[in-house]
Amino acid sequence: MGVLLGAVAYDPKVVTIWDGFRAWLRECGVDFDYVLYSNYERQVTDLVDGRVDVAWNSPLAWVRARRLAASRGVPLTPVTMRDTDCDLRSVVVVRADSPVRSVGELAGHIVATGAVDSPQATLLPLSLLRAAGLDPEADLAVRRFDVGLGLHGDHIGGERDAARALFAADPADRVDAACMIDSNLLVFGREGTLPAGSVRVLAQTPLYDHCTMTAHGDASPEIARFGELLLGMDYANAELRPLLDLEGLKQWRPPRLSGYAQLEAAVDEAGFYDANGAVTAAGYRP
Amino acid sequence: MPAVDLAGLGLDEGGHLLVARALAGLAAGERLTVTGRHPALRLHLAAWCRAHGHQLAGDDDLTVVRGDADDRRWAGAVRAGDAAGVPSPRADLGWGLAARGALVEAGGPPLGARWSEREHVWADIAPQLYAAAAASQWDPATAVDWAVPVDGVPAEVERAVVQLMTYLVENEQAALIIPARLLSQLHPHYREVMQLLASQAADEARHVEVFTRRALLSGGPLGTSSAGGRASLQTLLDEPDFTTASFLLSVLGEGTFLDLLRFIAEHAPDQVTADVTRLAVRDEARHVAFGVAHTAHLAAADKSYLSTLRQAVERRHSALQDTAGLNAEVFDSLVVLAAGSWSPEAISLGWRAVRDLQSRMDEGRRRRLAYIGFPDDEAAELSALHTRNFM
């Protein structure tokens, strides 16, 4: 039996992380292994089909897995999430000296987003603009920075390119607003992509949650044990700490599914997936 | 409640330093009120707290609840010995490249160092010797007046000088590689020894340069390199142990070289030859001092180590028994150098001078062996087993 986990290889460090976790979990008596996917869509179908026991899902992958599993009558069990997956926001920023003072005033302007499948830098911020009465298709020129398609925005490149476009030297490349997650607003500020004082936050989404780990079927004792071990990982453990740092958490938390309503709505608005979890986004083929 | 005011500072321009500093004084679970005027302060603070394991509370004000990630990170940390005092008897490989005395976070890759025990590498004089080495570095370009002509040197004597320089370069190259190899296996906790070995390798690099330049001054080809001489040096490179390698190279080899270099300087037919050999003697004396002090330090702590040293000399002797040892042309060149000409009378004087040199070398080795702890008779016996190749 054992536990087979699927994870998306959005960065080479994913191998280091799961090799390390695998060694530790096996020491703890769980017969654990993992497989890597080049994109979340394949991982989701394999999870629902039961080819992997558990999947480390992006928020968008969770939305699709939930829909696909429900349509097929397959139960899914949430296992855990990171402390850093809880209570995030996305923002829409403009240049500090921009004449645009409200979301409504973005009408007729160019808005830069991340990749088409990025929850934090595309789907959620565009949903925020819709809530303010703007139709991204009709009222705005959306300029998408499609880096790492299929990685659901895990690759920071699209967001960084969108931020850079605010200050593009060539007016033809310049955008009026850019969308990003709150943590990247801070990262881009500190690294100088968006120098301190250079941008103004025009709007921000309500709080939402990010990645969540999901098991196929009703939780088996093995999955339950696997989940308990993850929750028990101690940041004081010198063997685990570098892996936790790479994975970007201090502590695994019990899962909660209350933080995905915004994204569910955004997916419907954008027609990204249908109610049964089929990919319906135009031209999206990871 | 403790509070920190960031004024207009954002967390994208250093504001997090003030927050982190204020949190450092609190226990996990305690609260800090943050105030400031930066328009994105709440967004920044939320993202920063999330990434650092703190919690942002408060809807109207900004309250940070300190998390325990930082405490957990440093829970298993230890000091890598004492920065100001003597190095630790054992250097933990887990300290890695951390500075002596640093607080070392647990985890991280262990160092692959082979020499991590003080007794195996240390000498109390190492810090002073390193200080002396650092203060005595010289520049080959200016320490020697390369413009002084050598065309007054008789051709046959010049050939002897070139042969000797060729031989010296070969030996200095071995003497460079050995400390460099020991250095790469040494735990940096013993930093004074590390620094000293590094300066020793740098010394030899300069010696290689100046001897090469002297050999080329008269424009002719270099001399010969004998198979026996190289076999003798190879046995030094093959010595696996730190102390026995240091003993064979520095105590016996470089110790013998002190007399050799002084001899060449004394009989030098030109100023450049005299200068390059005198400069090298100054450096070699430090190498010998460390080798003797370290070997004596270990032998004093463990008398039985003398037999290990003895075996190393015997092993090297038997490995070289069937080789010629010293390049005959090197020996002949020493005679010609001291003779200054090929007349029978001069050669006779040169021959006697080299014989005296060999007996001074033997006396020096016996003195150093006695200092390390060998009884006089054993010191004499071991000195006699030393390679004919001098180094």
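**Group meeting: a sheet in chain A, and two contacts**

Okay, let's start with one residue pair: Val111(A) has Ala177(A) in strand 8 of chain A as its bridge partner. Strands here are DSSP runs of E, at least two residues, and helices are runs of H or I, at least four, numbered from the N terminus. Quick housekeeping: this is a predicted model, where local features need pLDDT of at least 70 and side-chain atom pairs count only at pLDDT 80 or more, while totals for chains, interfaces and linings use all residues. Residues are numbered from 1 along each chain as its sequence is written, with chains lettered from A and ligands numbered from 1 in the order in which they are written.

Back to that pair. Strand 6 (110-113) and strand 8 (177-181) of chain A run parallel, joined over two bridges; pairing takes at least two DSSP bridges. They belong to an open, mixed sheet of five strands in chain A, order 7-6-8-5-9. Strand 7 (141-144) and strand 9 (199-204) of chain A are the edges, each pairing on one side only.

So what does chain A show to chain B? The contact (C-beta atoms, placed from the backbone, within 7 Å) takes 22 residues from each of chain A and chain B. On the chain A side, helix 6 (182-191), strand 9 and helix 8 (241-247) give two or more residues, and helix 6 gives the most, six.

Over in chain B, we've got domain 1 (3-71), domain 2 (76-112) and domain 3 (118-385), with bounds from an automatic or database assignment. Ten residues of domain 2 and seven of domain 3 of chain B make up their contact.

Notes:
Two residues are in contact if their C-beta atoms, placed from the backbone, lie within 7 Å.
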